[in-house]
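Reader: I would like to learn how to read the inside of a protein model, one feature at a time. Could we go through it together?

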Amino acid sequence: MSTAPQAAAPPRPDEIALADDVRLVAPMLTGGRALALAPVAGATWAGAGQVVLAAAVSLAASVLLVTGVALGVGLAVLVVGVPLLVLTLVVARGYGTGERARLRAQLGVVVPPPAPGPEAPYRPLSWWPWLRDARSWAAVAHALLTCLLAWTAGSVALSLAAFALVVPAAPFAGRVNGLHLVLLVPGALIALWLAALVVQLTNLAQVRLTRALLGGRSRAEAERAARAAEQRADVAEGRAEHLRETRTAAVVAADEERRRIERDLHDGAQQRLVALGVELGVARRTAAQDPAAAVAAIDAAHGEVKEVLAALRDLVRGVHPAVLTDRGLDAALSALAARCPVPVDVDAHGVGDGVGSQAQAAAYFVVAEALTNLAKHATATRGSVRAAVEGDRLRIEVADDGAGGAHAAPGGGLDGLRRRVEALDGTFHLVSPAGRGTVLTVEVPCAS
């Protein structure tokens with residue numbers, strides 16, 4: 001059975017933003033010419049200036065903000081503490097705005113501001129909306145992390161660059177021979193590339209940090225998110241419509257099953273019970289005058305009783321087989337295969353564990369209908385039944401080597417099974433090419 005190819009999943013908005021940031025501030029990560037020219041690339045020099053300025057700005061901002069937060073928290077028991085903390089958070093908000101503008105000016109990276117939150121009702125001298133403002137606290141965290149990142153990475157990059165610049169002056173010191181110079185020159189070139197790598201990675205990390213703590217969604221990201229939400233809504237609506245259709249089909253199938261039971265009772269068991277009453281009446285009237293006729297009538301009545309019991313047994317088996325409840329799905333499928341006139345191999349050992357009653361009943365009737373068709377129409381010499389639990393679904397496969405050409409005609413037995421399976425949120429696949437046998441595959445949730 002072939003399945004339609006699935007389209008590749010579209011990239012997430014965060015993946016698109018990361019690719020854009022790499023292209024702008026860390027192009028050497030893309031390889032090729034950008035990697036070869038990394039030490040003299042504009043992104044490296046602009047990034048170096050950004051790292052230097054970020055180190056100075058973040059150091060001043062972190063000292064100011066941490067001091068303000070510490071004093072505000074420490075003096076919170078006094079009247080002056082809370083206003084000082086609120087003022088610090090206001091300054092932190094301004095620092096975040098300035099950082100977004102600085103990155104745009106130095107690196108060309110646009111970090112959209114976060115969407116404004118819901119406005120709290122105005123209350124005079126109410127400090128709580130400021131104290132619980134997550135954007136201001138995120139700006140404080142940004143200043144501390146940027147300070148740590150810029151000073152650490154800047155020191156490493158400066159050390160590598162200094163080593164690379166000192167090597168050309170080594171021969172003039174008089175302590176470096178030719179062999180040493182041959183070894184130092186490749187090391188200096190490697191140090192240049194490593195310094196460029198540190199600078200570009202530092203800028204990329206700072207841009208991502210700024211997006212995470214100080215930024216919001218860009219218009220393009222918002223549009224992509226809106227389209228994704230619309231697609232999810234369409235999928236959910238389609239699924240809801242499918243569930244409505246399958247539930248309606250289940251109701252129709254249940255009504256048809258009830259009518260079938262009524263018809264079978266009326267045309268089968270009821271008529272045989274009437275005939276049984278007639279035979280017993282004949283036996284009672286002729287018992288004294290003609291004992292032989294009475295015995296014949298009782299024998300006929302006994303035969304009618306057996307036929308009524310067989311009809312009722314078949315009727316009950318069609319509603320819910322007793323073997324399924326008493327011995328489980330494995331034994332029930334084996335019993336179906338044993339009654340089939342065509343040899344059928346069954347592989348369903350222990351498959352009933354953890355499978356709901358509705359799922360087991362659906363599997364039983366699917367196999368029963370498939371084996372009935374196999375015996376009546378397939379002209380097969382052998383069949384097979386496979387049942388297995390795969391994840392949270394019960395999978396049933398019935399195959400034969402017969403003539404094929406089967407299809408789920410509307411109103412037929414296979415169509416009724418299909419509607420029953422779909423009502424359980426299952427799948428029903430029938431593959432029956434002419435002359436090449438039939439494979440019926442059904443999957444239903446185990447929790448059904």
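Reader: Which residues does Gln206 touch, not counting residues up to four places away in sequence?

Author: Please keep in mind that this is a predicted model. Gln206, which is found in helix H8 (residues 178-214), touches Gln50, Ala54, Glu99, Arg102, Leu103, Thr146 and Leu149, with residues up to four places away in sequence not counted.

Reader: Why does Gln206 count as buried?

Author: Gln206 counts as buried because its relative accessibility is 2%, and buried means under 20%.

Reader: How should I read the largest nonpolar core, and which of its residues touch the most other members?

Author: The general idea is that in soluble globular proteins nonpolar side chains tend to be buried together. Here the largest nonpolar core has 38 residues, and those that touch the most other members are Leu333, Val367, Leu371 and Leu394. Two or more residues each come from helix H11 (322-339), helix H12 (357-376), strand E2 (383-390), strand E3 (393-400), helix H13 (413-423) and strand E5 (438-445), and H12 gives the most, with 11 residues. To take one member, Leu371 touches Leu336, Ala337, Cys340, Val344, Val385 and Val398, again leaving out residues up to four places away in sequence.

Reader: How many aromatic pairs does the count come to?

Author: An aromatic pair is read from the distance between ring centres and the angle between ring planes. The count comes to 1 aromatic pair: Tyr364 and Phe365 lie 5.4 Å apart, centre to centre, with 85° between the planes, and this pair is edge-to-face. Both Tyr364 and Phe365 are buried.

How values were computed. Residues are numbered from 1 along each chain as its sequence is written. This is a predicted model: local features need pLDDT of at least 70, side-chain atom pairs count only at pLDDT 80 or more; totals for chains, interfaces and linings use all residues. Side-chain values use heavy atoms; hydrogens and water are left out. A nonpolar core is a set of buried Ala, Val, Leu, Ile, Met, Phe, Trp, Tyr and Cys residues joined through side-chain atoms within 4.5 Å. Buried means under 20% relative accessible area, exposed over 50%, partly exposed in between (1.4 Å probe, protein chains only). Helices (H or I, at least four residues) and strands (E, at least two) are DSSP runs, numbered from the N terminus. Contact means heavy atoms within 4.5 Å. Rings of Phe, Tyr and Trp (its six-membered ring) pair if their centres lie within 6.5 Å; planes under 30 degrees apart count as stacked, over 60 as edge-to-face and the rest as tilted.
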